[in-house]
Amino acid sequence: MSKDETLGEALRRQGISRRGFLKFCAATASMMALPPSMVPVIAAALESARRPSVIWLSFQECTGCTESLTRSHAPTVEGLIFDTISLDYHHTLQAAAGSAAEAARKTAMKENFGKYILVVDGSIPTGNPGYSTIAGISNHDMLMETAKGAAAIVAVGTCAAFGGIPQANPNPTGAVSVSDLVHDKPIINVSGCPPIPVVITGVLAHFLTFGTIPELDDQGRPMAYYGKSIHDRCYRRPFYDKGLFAETFDDEGAKKGWCLYKLGCKGPVTYNACATTKWNEGTSFPIESGHPCLGCSEPGFWDAGSFYRAISTPTEDIAKTAVYSVGAGAAAGVALGAMNRAKQRRAVETHEKVTIDDLEKEKQP
Amino acid sequence: MSETELLLWVRGPGLQIATVILVLGVVVRILQTIMLGRKVNLAAARGSAVAGGLRTIVTRSLPDTCTLQRSTFTVVAGYLFHIGLFVTLFLFAPHILLFDEVFGISWPALPTTVIDATAVVTIIALLAVLAHRVKDPVLRFLSGFQDYLVWFVTILPLLTGYIAFHRIGLSPPGLIALHILSVELLMVVFPFTKLMHAVSLFMARYYNGAIAGYKGVHS
């Protein structure tokens, strides 16, 4: 595959029909909430786009994000677009190893300085640099060096976007997110554990079409995909509104597909596109298969209490606290009451009755 | 402290602190009131004090015609926001879940749209009673800092709850944390202010009714 080949040429060579390509463009436009008139613009831009150089850095991660993106049911147009980008460095997927791999990264950085897209998955340890190294280079140094020439950075997965599980309490490696370290480049957070494949291709398509990064929410995530909560787009929402809940995983409510809020669903506080794009070629998403949402695309979701307790319930034994408080209150109340009574009694005992004479006395000057 | 950490704090230690202050404070104040006792009535009883007391607890729940005519606004707005508070607090599914978790008892919930509308009506009623309090010269003269404080801590959970339900502004964990925090503020303020009337009204009604019942007259 030549470096000068356009995306359109590459897709046609791989047997993608014009019809299939336009369908992808239309789907991308609608998912990014763009008007239908933008479809030809996207098509034209993607058609003539030179394959962008992508450098993919994997730090403290589990490769689940790469698995999610590369194992989407082939051959999808998303997958092929992903294949046709010039993935110049990805140490899990590339054939080269050791110094040859590092040389590939250096070459890509030099040739496309200021233009390449940097994709990062995994968090970066700030404790001992030796916690995670690649070819003897610490994650921190490699990120800072590669970020310098990047046009934009895509933080893929919750670890890169927010710190994820390596950052979970007690955070032994001092893990931080990309945006904690890089402040002078546009960063797009594509969070999720793992993130939805179509979200990253959508972000790439947007970048190729408009040359800009998409509109982001306050967590740096593309609004088009993270603009609504799982709860708002959930097909079980009517049951929540009616107050119909599954109480256990195998009761009548669960079998009838009622709301999973009581089983700890984090849908109301989680922003992602699972409920609409779904997983495995649109087959289903966790709630559809009967499991509450874990909230994996939100910062600190590992430390946000049990996955199986609703967000509005206490984390401590409040009934016990209340019982002890009643006991302590009773003791204190009786003691204070007794003191009040003693005061009352003393007041009665020391009370001096006023006689007519006393009143007569007061009249005199 | 991040929003998630704040949420964990208000669901855990924060709620514990508020529960201790609320329960301990209420129990102490009830016992103090009861232990003050009443003077022995040496007159012969003409009726049952207990029956009169219990009856009055119930009968005083409805306004008498005179009061309703004289201060229609106070009665209507007062009933509206008290019923609204009851409905939003006890008939909203996530709240029932909380009571279920703590006390092990639950009951059916109202649809969220009904709760939503009730919350709006309750907030409007509370704003109206504040406006009335500020506008009416006599009420304004009688009002002290505590009256405005209890109004504030009462409307705050409704406002934060409404904002959290519609997710306006902050991220959802932050909004829920603020909502729970506002309820904890209410719990902490409760035993030391006029909010205690939610408990003491029953004792006051009983005393009044018992006095009248002993004399054999209507309370």
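User: How many bridges join β1(A) to strand β2 (residues 86-90) of chain A?

Analyst: Residues are numbered from 1 along each chain as its sequence is written, while chains are lettered from A and ligands numbered from 1 in the order in which they are written. This is a predicted model, in which local features need pLDDT of at least 70 and side-chain atom pairs count only at pLDDT 80 or more, whereas totals for chains, interfaces and linings use all residues. Strands (E, at least two residues) and helices (H or I, at least four) are DSSP runs numbered from the N terminus, and two strands pair if DSSP finds at least two bridges between them. β1(A) and β2(A) run parallel, with A:S53 and A:S86 as bridge partners, and the number of bridges joining these parallel strands is four.

User: Which residue of β3(A) stands opposite A:V54?

Analyst: β1(A) also pairs in the parallel sense with strand β3 (residues 116-121) of chain A, over five bridges. Within β3(A), the residue opposite A:V54 is A:I117.

User: Which residues point the other way from A:S53, A:I55 and A:L57 in β1(A)?

Analyst: In a regular strand the side chains alternate between the two faces of the sheet. Six of the six residues of β1(A) (53-58) are buried, that is, each has 20 or more other C-beta atoms, placed from the backbone, within 10 Å of its own. Pointing the other way are A:V54, A:W56 and A:S58.

User: Which helix gives the most to the side of chain A that touches chain B?

Analyst: With contact taken as C-beta atoms, placed from the backbone, within 7 Å, 35 residues of chain A are in contact with 34 residues of chain B. α13 (237-242) and α16 (318-349) of chain A each supply at least two residues of the side of chain A that touches chain B. The helix that gives the most, with 16 residues, is α16(A).

Technical notes:
A residue is buried if 20 or more other C-beta atoms lie within 10 Å of its own, exposed if 12 or fewer, and partly exposed in between; C-beta atoms are placed from the backbone. Two residues are in contact if their C-beta atoms, placed from the backbone, lie within 7 Å.
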